[in-house]
Amino acid sequence: MPWYVYALATMVFAAAAALFHKRALGQVHALEFSAALSLASLVVLLPFLDLIDFASVSWPAFGIITISTLFGAGSFLLVTKAMRHLEVSTVSPWLALEPVVVAVLGIVLLGENLTWPQALGVALCTVGVFVLQHSLADPGLKGSFWKSPYVRMILLAVVCYSFAVIGDRLALGYYGVQPLAYLVVTEIELAAIFIALLFMRFDGWAGITHAYRIAGWFIVGAAILTVAHRFAHAEAVSLASAALITPIKRSAVLLVTAIGGELFHEHQLGRKIFASVIILFGVVLTIL
């Protein structure tokens with residue numbers, strides 16, 4: 001299939017996963033959720049073990065995947081913590097800054113090029129995001145938007161994830177790692193990272209058990225959707241430029257903002273949807 005089909009699938013699955021994440025995070029701690037989700041994701045992948053070509057994961061590729069996973073784990077945990085305290089319609093659109101960072105990193109690190117329409121699309125994504133920062137009535141901000149620790153978490157998460165995307169591109173595109181093998185290795189490493197952190201900072205297995213007991217069905221649903229969007233993303237990245245795929249994936253902000261904002265009765269939803277539409281126009285320009 002063409003790369004943009006996988007990219008669009010990534011968008012839809014990522015949006016649905018974000019709603020499940022927000023629902024579960026209303027009941028459990030961010031790190032408990034991350035560890036429980038990573039284990040559930042591994043269980044979801046078990047039926048596909050016979051299809052995995054682990055021989056495609058060379059040692060250099062394994063090193064790249066590990067570094068990428070570290071950045072990805074940091075990004076996921078930061079976003080998860082921010083989403084626990086802020087409205088999902090506040091957090092999600094800000095993640096659209098990622099295409100800008102990925103585009104710059106793709107040019108600097110991978111020698112990729114952007115056409116003028118694509119550059120304009122990235123610029124529109126940025127404009128749409130900055131529309132959000134003016135007078136947002138999110139109870140979780142508790143004061144100045146830019147001074148909020150959760151906003152800083154989101155921005156740091158965007159940078160971390162952008163580096164992770166560049167690593168994905170190298171592993172899948174340059175080293176030719178099978179997307180399914182890439183996904184399994186990544187999920188194993190994510191589970192190891194989150195479980196280790198949970199044992200170091202909290203109550204280990206008791207925290208994971210607590211997460212499943214309180215929000216088990218939401219975590220299972222999130223795991224299925226997370227595996228689906230990560231697999232679709234891996235397939236897309238193996239076929240096309242990260243600077244093109246990321247804006248399509250992040251256009252999920254429109255779905256998350258509109259549906260999540262309505263579902264969770266969040267503030268200034270109209271303004272957030274307007275900003276998300278600007279971002280969506282930017283996304284369209286990037287795939288012309």
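## Terms and basis of the model

A salt bridge is a side-chain nitrogen of Lys or Arg within 4 Å of a carboxyl oxygen of Asp or Glu. The structure is a predicted model, in which local features need pLDDT of at least 70 and side-chain atom pairs count only at pLDDT 80 or more, while totals for chains, interfaces and linings use all residues. Residues are numbered from 1 along each chain as its sequence is written, and side-chain values use heavy atoms, with hydrogens and water left out.

## Overall architecture

The protein contains twelve helices and zero strands; helices (H or I, at least four residues) and strands (E, at least two) are DSSP runs, numbered from the N terminus. Of its 288 residues, 55% count as buried, where buried means under 20% relative accessible area, exposed over 50%, and partly exposed in between (1.4 Å probe, protein chains only).

Among contacts with a separation of 6 or more, 87% are made by residues 24 or more positions apart. Contact here means heavy atoms within 4.5 Å.

## The nonpolar cores

A nonpolar core is a set of buried Ala, Val, Leu, Ile, Met, Phe, Trp, Tyr and Cys residues joined through side-chain atoms within 4.5 Å. The largest such core has 43 residues, and F33, V91, I154, F194 and I219 have the most contacts inside it. The elements that supply two or more residues to this core include α1 (3-25), α3 (59-85) and α7 (149-174). Helix α2 gives the most, with seven residues.

Not counting residues up to four places away in sequence, I154 touches A82, L86, V91, W94 and L95. A second, separate core of 24 residues includes A61, V185, V227 and A234.

A straight helix of 33 residues would span 48 Å at 1.5 Å a residue, but α9 spans only 34 Å between its end C-alpha atoms. The expected span is 1.5 Å times one less than the number of residues.

E235 is found in this helix, which covers residues 205-237. E235 is buried yet has no salt bridge, and the nearest side chain of opposite charge, R169, is 10 Å away. For charge, Lys and Arg count as positive and Asp and Glu as negative; His and the chain ends are not counted. Leaving aside neighbours within four places in sequence, E235 is in contact with Y6 and P179.

## A196 in helix α8

A196 is found in helix α8 (residues 179-201). A196 counts as partly exposed because its relative accessibility is 35%. The C-alpha atoms of A196 and A35 are separated by 9.0 Å, although these residues are 161 residues apart along the chain.
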